[in-house]
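Please examine the model shown below.

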Amino acid sequence: MAKYQSINPYTNETFASYDNPTAEQIEDALNLTDALYHKWRNEGPETRTATLHKVADGLREHKKEMAEIMTREMGKMIGESEGEVDLCVSICDYFADKGPELLKPEPIDSKLGDAYYLKQATGVIMACEPWNFPLYQVIRVFAPNFIVGNPIILKHAHNVPGSAALIAKIIKQAGAPEGSLINMYPSYDQLDQMIADPRIQGVALTGSERGGSSVAENAGKNLKKSTMELGGNDAFIILDDANPEVLKQALSSARTYNDGQVCTSSKRIIVVKSRYEETLHELKEVFSSLKPGDPLDPSTTLPPMNSQNAKEKLTKQLDSALAAGAKVFYQYPEIDSDGAFFRPTILTNVDRDNPAFDQEFFGPVATVYEVEDEDAAIALANDSSYGLGSSVISSDIKRAQNVAAQIETGMSVINGTWISSGELPFGGIKKSGYGRELSDLGLMAFVNQHLVISMPTK
């Protein structure tokens with residue numbers, strides 16, 4: 001059985017499989033990407049902007065095809081898949097428009113001489129990407145590095161190989177040079193060998209804490225720079241002055257977008273006691289109104305999870321939480337389907353001794369906590385080994401900004417949930433990883449800041 005398989009989680013039917021590359025194919029990929037890096041080093045980023053705009057055009061043209069393969073492979077609702085393509089179009093256009101200016105040499109005020117630093121490519125980047133956003137996760141690494149001049153070798157998740165193949169095809173058809181992005185299906189042993197190869201100069205990974213730890217260890221052992229975007233159990237803080245309509249709107253997608261399979265999804269709903277019952281009611285309304293069905297059908301609002309294995313893992317987590325004292329406030333009725341559907345669940349009474357307290361529920365499970373006040377909400381938000389994102393719901397923006405500043409996290413959204421755009425940095429702290437993607441910060445993730453100083457002559 002091939003390691004990389006396309007399995008429709010709505011039917012659990014396998015419709016494609018892909019083999020690991022041969023040693024010769026890996027060597028060819030390393031040679032090709034490394035040769036392209038050395039060519040690009042002598043060309044400015046502005047020489048690649050038109051091509052990146054053409055990649056954006058290609059995504060627009062293939063939007064239906066791209067959205068459908070993502071939905072068929074990992075169960076994402078078709079409307080969300082289409083939205084993901086639109087987001088990736090905007091990211092490509094952003095880096096094509098802004099990249100050359102952001103990569104201009106930076107002057108340094110020094111009394112020692114005329115000083116500046118160049119922003120130069122470093123080499124081939126190994127991108128290890130997850131299944132939950134099959135296109136977005138790739139584009140947010142590819143687009144900035146393409147402008148910088150770092151070719152990409154892509155190792156995508158085992159359950160979205162068809163999405164990976166189509167992404168590579170669209171980039172190639174847009175006129176990107178051979179080696180700009182090479183999609184491969186390596187085994188874990190092959191991946192380790194590729195990361196160790198001197199032609200690979202950086203590793204970008206989005207994925208689980210376990211996967212990140214393993215890849216980061218190998219990258220570090222071989223002195224390769226890495227960026228890690230890992231899991232999260234983001235806090236969603238509701239203050240006593242939250243606008244009811246704003247709260248309702250934010251809760252409408254906080255734990256159901258992408259079927260709750262989002263690193264930055266609001267997994268811990270932390271509510272001051274005066275708004276606790278209201279919040280439980282609103283969440284129940286959201287969960288109970290969902291309609292399970294084929295994710296290719298636009299009327300479906302509850303899709304299957306990405307795989308049967310993911311459903312089983314989440315079920316075990318939920319059972320463990322209940323055995324340790326958690327209470328079910330609401331659980332969706334049984335779903336009559338062969339697909340990987342998980343019944344959306346609202347949990348309460350999760351204390352610090354419960355294993356669920358510091359776990360990530362990667363699916364439609366909301367854990368709701370009642371706290372006394374704002375200070376208690378901040379303390380609970382920070383009582384986590386993760387630090388990826390957070391939300392603060394309040395009518396007083398200054399107050400919300402003050403609360404956000406006290407949360408140990410990489411990103412905070414006030415009066416809303418997860419958001420992404422080319423100009424906004426993405427990343428976390430603690431066990432949620434390190435480094436940033438997107439924005440000017442992500443553009444510099446694998447850039448050599450090369451000091452040049454002209455000493456004064458007598």
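K430 is partly exposed, with a relative accessible area of 34%; buried here means under 20% relative accessible area, exposed over 50%, and partly exposed in between, computed with a 1.4 Å probe on protein chains only. The residue belongs to strand β18, residues 429-430, where strands (E, at least two residues) and helices (H or I, at least four) are DSSP runs numbered from the N terminus. The phi of K430 is near 55°, a positive value in a residue other than glycine. L223, also not a glycine, has a positive phi of about 55°. This leucine sits in the loop between α8 (209-221) and β9 and is exposed, its relative accessible area being 79%.

The model is a predicted one, in which local features need pLDDT of at least 70 and side-chain atom pairs count only at pLDDT 80 or more, while totals for chains, interfaces and linings use all residues. Residues are numbered from 1 along each chain as its sequence is written, and side-chain values use heavy atoms, with hydrogens and water left out.

Strand β9 (residues 225-229) contains E229. According to UniProt, in an unreviewed entry, the annotation "active site" covers E229; UniProt positions are given in the numbering used here, feature names are shortened, and annotations may be inferred rather than shown by experiment. Is E229 buried or exposed? At 4% relative accessibility, this glutamate counts as buried. Apart from neighbours within four places in sequence, E229 is in contact with Q137, R140, L205, T206, G207, C263, L388, F426 and S432, contact meaning heavy atoms within 4.5 Å. With R140 there is a polar contact between the two side chains, at 2.9 Å. Such a contact is a pair of N or O atoms within 3.5 Å; within protein, one must be able to donate a hydrogen and the other to accept it, and residues adjacent in sequence count only if both atoms are side-chain atoms.

N132 lies in the loop between β5 (124-128) and α5 (136-148). With 2% relative accessibility, N132 is buried. Leaving aside neighbours within four places in sequence, the partners of N132 include Q137, N258 and C263.

Helix α12 (residues 374-382) has E374, A377, I378, L380, A381 and N382 as its buried residues. Among the elements that cover them are β10 (235-238), β11 (268-272), β14 (365-371), α13 (397-405) and β18. At the start of α12, a side-chain oxygen of D373 comes within 3.3 Å of the backbone nitrogen of D375.

Two packed helices are described by the angle between their axes and the distance between the axes. For α2 (residues 49-61) and α4 (residues 78-102), the angle is about 170° and the axes are 9 Å apart. Helix α2 is therefore roughly antiparallel to α4, a term for angles over 145 degrees. Axes are lines fitted to C-alpha atoms, for helices over the stretch in contact, and angles run from 0 to 180 degrees between N-to-C directions. The residues of this contact of α2 with α4 comprise 11 nonpolar, two polar and three charged. Ala, Val, Leu, Ile, Met, Phe, Trp, Tyr, Cys and Pro count as nonpolar, Asp, Glu, Lys and Arg as charged, and the others, Gly among them, as polar. On the α2 side, the residues include L52, V55 and L59, and on the α4 side they include V85, V89 and F95.

The loop between α1 (23-40) and α2 holds P45. This proline is buried at 17% relative accessibility and, not counting residues up to four places away in sequence, touches P100, L103 and I147.

Methods. Angles under 35 degrees count as roughly parallel, over 145 as roughly antiparallel, 65 to 115 as roughly perpendicular and the rest as oblique.
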